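Subject: Structure handover

Hello,

Here is the structure for your files. My notes on the salt bridges and the surface follow below it.

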Amino acid sequence: MGGISKISGVDALTAYKNNITNVVSKDDNTVAFDSLLDSAVQMLDETNRLSNLAQEEEIKYALGQSTSTHDLIVAQQKANLSLQYTVVMRDSVVSAYRELMNMQF
């Protein structure tokens with residue numbers, strides 16, 4: 001059985017964030033964007049962590065190491081809610097991006 005993998009894109013987003021903060025000067029707008037990007041990366045890391053914990057609980061339950069269906073369901077629900085929230089946030093960012101691209105100057 002392979003190791004538990006990260007949600008794809010987390011490492012790429014972190015690298016992209018590091019490149020942006022190295023290139024752009026630190027004015028008020030950059031600091032605001034930097035904090036927004038930091039919170040997005042933290043949200044993805046938390047979603048990844050909860051997903052991995054749910055997968056670990058599933059494996060424990062399947063192997064008979066845990067008999068608590070409560071722990072399994074709680075872990076799955078936390079991961080599910082976190083993923084749903086992440087998807088909603090992604091959709092909001094994409095929608096805002098599209099709206100900006102449709103603006104005419």
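In which helix do Glu 46 and Arg 49 both lie, and how many residues apart are they? They lie in helix H2 (residues 28-63), three residues apart, about one turn of the helix. Helices here are DSSP runs (H or I, at least four residues), numbered from the N terminus.

The model is predicted: local features need pLDDT of at least 70, side-chain atom pairs count only at pLDDT 80 or more, and totals for chains, interfaces and linings use all residues. Residues are numbered from 1 along each chain as its sequence is written, and side-chain values use heavy atoms, with hydrogens and water left out.

Salt bridges

The search of the whole structure gives three salt bridges (a side-chain nitrogen of Lys or Arg within 4 Å of a carboxyl oxygen of Asp or Glu).

- Glu 46 and Arg 49: the closest N and O atoms are 2.7 Å apart. Glu 46 is partly exposed at 35% relative accessibility, and Arg 49 likewise at 42% (buried is under 20%, exposed over 50%, partly exposed in between; 1.4 Å probe, protein chains only).
- Glu 57 and Lys 60: N to O is 4.0 Å, and the two are three residues apart in helix H2. Glu 57 is buried at 18%, whereas Lys 60 is partly exposed at 35%.
- Arg 90 and Asp 91: the closest N and O atoms are 2.8 Å apart. Asp 91 is partly exposed at 37%.

Regards
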